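User: I am new to this structure and would like to learn how to read its features. Please take them one at a time, with the general idea before the case.

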Amino acid sequence: MVGGDGSVHEVVNGIAGRDRVEIAVIPRGTGWDFARSLGLQRNIDRAVDVALSGETRTIDLGRATYRLWAGGEGQSFFANVASAGMSGAIAQRANSSSKALGGKISYLWATFAVFARWSSIEIQVTVDGETRSAPMHDVIVANGPYLGGGMKICPGAEPDDGTFDVLLIGDLTKRDLVLTMPRIFRGTHLPHPKAELLRGAQVSVDAADHLPIELDGEQPGTTPARFEIVPQALRVRVPAVPVS
């Protein structure tokens, strides 16, 4: 398939549950964070080579259950990262704006634009039975490390380890965001005094207000939401590891 995170999201939801189906990704689009998380090249020739002769890696998927925008319950799979809170609004802003300057700039601009008007809210998060309740800006449920056009938000996340990395982002100030943003792209921002990292296979998120959720850059609905690991559910072509 040729495309970015949105295209991966559509394909995954079309083939999930089918045995012996594998995908190869030629990364295009705005974010291509799924490709980054798996070490795939944006260069077309290299990506085609991986598609034809790369190794097959079997990774986990996430399954999200959430409130649809119109009410009622929806359910979708996601391949890379889901979230609830500010990042859902950021993805929506980035997707509705011009992509002329590329994915990184688009998401950076959207992040600061949304943050300027966003207030933290009391969010309750439960990860494998362990609960946190506090004012937060965001809850990141990561199967892979990258989101938002190259932000290495959960640097330790592995898409085949049977767990999510769940990052709780607390009550940030503008100064916190400005100082931390360069480190997020390098993946050196953790530990952070206003963030907590948990790991688990079952996550629930709820708040008094309906917070937007995001799945691989798409915005299908709001909280309350549940996220669960579906182990070893997707086969993907990745670069072959050289034999030493």
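User: Which residues is Ile169 in contact with, leaving aside its neighbours within four places in sequence?

Analyst: Contact means heavy atoms within 4.5 Å. By that rule Ile169 is in contact with Met136, His137, Asp138, Ile140 and Lys194, leaving aside neighbours within four places in sequence. Lys194 is 25 residues from Ile169 along the chain, and the C-alpha atoms of the two are separated by 6.3 Å. This is a predicted model, in which local features need pLDDT of at least 70 and side-chain atom pairs count only at pLDDT 80 or more, while totals for chains, interfaces and linings use all residues. Residues are numbered from 1 along each chain as its sequence is written, and side-chain values use heavy atoms, with hydrogens and water left out.

User: Where is Ile169 placed, and is Ile169 buried or exposed?

Analyst: Helices (H or I, at least four residues) and strands (E, at least two) are DSSP runs, numbered from the N terminus. Ile169 has its place in strand 10. For burial, under 20% relative accessible area is buried, over 50% is exposed, and partly exposed is in between (1.4 Å probe, protein chains only). Ile169 is buried, because its relative accessible area is 15%.

User: What does Thr180 touch, not counting residues up to four places away in sequence?

Analyst: Thr180 touches His189 and His192 on that count. Thr180 lies in helix 6, residues 174-186, and counts as buried because its relative accessibility is 11%.

User: How many residues does the largest nonpolar core have?

Analyst: A nonpolar core is a set of buried Ala, Val, Leu, Ile, Met, Phe, Trp, Tyr and Cys residues joined through side-chain atoms within 4.5 Å. The largest one here has 26 residues, and Ile123, Val125, Val139, Val203 and Phe227 have the most contacts inside it. Among the elements that give two or more residues to this core are strand 4 (55-68), strand 7 (121-127), strand 9 (138-142) and strand 14 (221-238). Strand 7 supplies the largest share of the core, 4 residues.

User: What is Val139 in contact with, neighbours within four places in sequence aside?

Analyst: With those neighbours left aside, the contacts of Val139 include Ala82, Ala84, Ile123, Val125, Val166, Leu168 and Val205. A second, separate core of 24 residues includes Val81, Met86, Ala94 and Leu177.

User: How many salt bridges does the structure hold?

Analyst: A salt bridge is a side-chain nitrogen of Lys or Arg within 4 Å of a carboxyl oxygen of Asp or Glu. The structure holds 10 of them. In one, Arg199 pairs with Asp165, and the closest N and O atoms are 3.0 Å apart. This pair links distant parts of the chain, with Arg199 in strand 11 (residues 195-200) and Asp165 in strand 10, 34 residues apart. Arg199 counts as partly exposed because its relative accessibility is 49%, whereas Asp165 counts as buried because its value is 1%.

User: Which residue forms a salt bridge with Arg237?

Analyst: Arg237 forms one with Glu22, where the closest N and O atoms are 2.6 Å apart. Glu22 is in strand 2 (residues 22-23) and Arg237 in strand 14, so the pair links parts of the chain 215 residues apart. Another salt bridge brings together the side chains of Arg63 and Glu228 (3.2 Å, N to O). Here Arg63 is in strand 4 and Glu228 in strand 14, 165 residues apart.

User: In what sense do strand 4 and strand 14 pair?

Analyst: Two strands pair if DSSP finds at least two bridges between them. Strand 4 and strand 14 pair in the antiparallel sense over 12 bridges, and Ile59 stands opposite Leu234 in strand 14. Strand 4 also pairs with strand 5 (residues 73-78) in the antiparallel sense, over 6 bridges. There, Arg67 stands opposite Glu73 in strand 5. The hairpin of strand 4 and strand 5 has 4 residues between the strands, and Gly71 takes a positive phi near 95° in this hairpin.
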